[in-house]
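Dear colleague,

I am handing over the structure we talked about, and below it you will find some notes on what turned up. Please read them with the structure open beside you.

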Amino acid sequence: MADTAKPKGGGTAKSSGGRRQNRKNDSPDLADESPKDLLDHYRRMLLVRRFEERTGQAYTQARIGGYCHLNLGEEATVIGLTSVLDERDYLFTNYREHGYAIAKGMSPRGVMAELYGRTTGVSRGWGGSMHMFDTETRLLGGYGIVGGQLPLATGAALAVTYRGGDEVVMCQMGDGTTNIGAWHESLNIASLWNLPIVYVVVNNFTGMGTTVEMASAEPDLYKRGSAFRIEGHRVDGRDVLAVRDAASGLVERARSEQRPFLLEAYSYRMKGHSVVDPAKYRTKEQAEEARDKANDPVAIFEERLLNAGVLTEDTKKEISDAVREEVADAADFAENSPHPDVSTLFDYTYATPVANESKRMPSEPVFAE
Amino acid sequence: MSVITYRQALRDTLRAEMLRDEDVFLIGEEIGVFEGSYKITEGLLKEFGERRVRDTPIAEEGFVGTAIGAAMLGLRPVVEVMTINFSLLAIDQIVNHAAKVYGMFGGQTSVPMVIRTPGGGGQQLGATHSQNIELFYSFIPGLKVLAPSGPADAAAMLRAAIRDNDPVLLLENLGLYNSKGEVPEDDEPVAEIGRAAVSREGSDITLIGYSRMASVATQVAQSLAEEDISVEVIDLRSLRPLDRETIVESVCKTGSAVIAEDDWLTYGIGAEIAATIQEGAFDFLDAPVRRVAMAEVPLPYAKPLESAALPSAESVTTAVKETLNAVGRRVG
Ligand SMILES: Cc1ncc(C[n+]2csc(CCOP(=O)(O)OP(=O)(O)O)c2C)c(N)n1
């Protein structure tokens, strides 16, 4: 079961970056794990890492527009959480979701093409970085409005129970999102109606420049389900196996008990809030912690696997090369994909065709001659 | 006079008003430690401290409502809502409370507050982050809605809004923050709320805009002047109250009008202007009033689609020329 202990270290007010949480020693023993699965987790985490690095570059080169938020530093959470979801389970996320999209089964090509705004993108170029969506793999949206995904995910869980299904809904969000009205309203409804949903708070200690302590009167976020009698747990989000185990327990309980649960996973946001944010508001100490190898989930897992002999220098290189190639291929694919044609501008206003729908371009009069 | 950006004009005015009046304080997301999502409040936390520059949790309904309550006790909060899209989470407090408290309690207490918030498409932010929706607020009696198109107006209107005793929405624009212009260096002038401006005189046609589209309208007028077309530009400045007289007077003189707005057409601000023109200048109209507005779709992310959906200098120019053709004057 998940670690519900408080993170160690001095979490002083106004400097949540100041809590130096050491990795828990109660992480699952590698000896009990299948090496194949371990390597697969590692490969997938590395894929998210390299994909996001490439995304950052492409953004700086103006291949990608709009806002762009990366999962750098959150790879263990992304992979740990998604590894326990069945294909039939649903996932809703915020706008920091490229990694989740890939991990839930979308192709890196489709995700990168969405970032490039091409027709081959998972949302056909209509959504961009913040709005990945794929009916087939059941990631029903990244959402750019903070908290927007919470009622929707809750409603998806309602649909599941309405139909008597046994799918579970997972709803990811950031720490800052626990202060918006939709949080309170959604958790209350989910608990009242016994909905099979796991709310996951990815606590990277900050929403933009605001620390958890600045924004949340109860900074122990996993406790914040208690007002709704929703059981909450906290896990070290730098440890992919710990996240996996915590999430797996809650997802299966949501399924079997038909109840909502809350999971908080903490890890560092390695860069600014978005690609353009230099994060100047961070103190020197906070910046160092966010960069520290000891807090880097990919480095932590890699070292563990190397030490245990699950990963050798050779396989490491093999995996690294393959991942690089996959990311390069995704970027090539995106680059060479077509831009949407202007003639498609009115294709998605309504699902049911309707009389008198406006299809006027800005320069056209309401009544043409 | 000094030449500064729209951003700087807002910042300087906030600072000056805070120095002038102890009751003025700032409240909003990321305005302090982060120094503002668009850096309007840069440096102000350092100068004024946490009492006067208050960072909030992500809780639009909560902090906008909190500001309304503080204003009811006579403070003068200046709220920053990060973009107008997020004001939708606070629209209940704005419409049902800020706009109602004065009237509903028989004029016993007013709500002297300002909500500053930028709109503006064209940044590839996608459907939920590219709306303007100023018309939602312009529809509401009890609110005052201002839309400055340049740095001098941004300063003068913000000053007026802070000193006004009613809730004022100051609509900023992402596309204007870096625009530059001459701004007086002292605490003057204080804009008169409810007044449009003729920002360029002309005789052939009236071109009406506000916020970013008012500055686009001026550009269009400048370039059409080279083709010997004399365009009179009206910058609405105040969306509520609306200065109908200035609009009608101009159209009576020119005989035709084009309205440019950065929002959807149906039921929009342009519709209100067009209705005003036919009511006030019917006998003077030589051509139908033309509206240039966004294509009526949730704004797509992909650049070619987004650009096609938004009004631009080109689409405004086309509309002006076609309207003059309808009047009977052959152009381009
Ligand atoms: C309703 C609303 N208010 C404000 C914003 C602007 N905004 C975007 S992300 C963000 C911070 C969110 O922080 P958190 O939930 O901790 O997620 P993180 O970005 O750290 O992953 C804010 C304030 C928004 N998108 N929606």
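B:E47 counts as partly exposed, at 37% relative accessibility, where buried means under 20% relative accessible area, exposed over 50% and partly exposed in between, with a 1.4 Å probe and protein chains only. Please keep in mind that this is a predicted model, in which local features need pLDDT of at least 70 and side-chain atom pairs count only at pLDDT 80 or more, while totals for chains, interfaces and linings use all residues. Residues are numbered from 1 along each chain as its sequence is written, chains are lettered from A and ligands numbered from 1 in the order in which they are written, and side-chain values use heavy atoms, with hydrogens and water left out.

B:E47 forms a salt bridge with B:R15, with 2.7 Å between the closest N and O atoms; the term stands for a side-chain nitrogen of Lys or Arg within 4 Å of a carboxyl oxygen of Asp or Glu. This pair links distant parts of the chain, since B:E47 sits in helix α2 of chain B and B:R15 in helix α1 of chain B, 32 residues apart, helices being DSSP runs of H or I with at least four residues, numbered from the N terminus. B:R15 is also partly exposed, its relative accessible area being 36%.

A second salt bridge joins the side chains of B:E306 and B:K303 at 3.3 Å, N to O, and both residues lie in helix α11 (residues 303-309) of chain B, three residues apart, about one turn of the helix. Here B:E306 is buried, at 1%, whereas B:K303 is partly exposed, at 38%.

Best wishes

How values were computed. Helix = DSSP H or I, 4+ residues; strand = E, 2+ residues; numbered from the N terminus.
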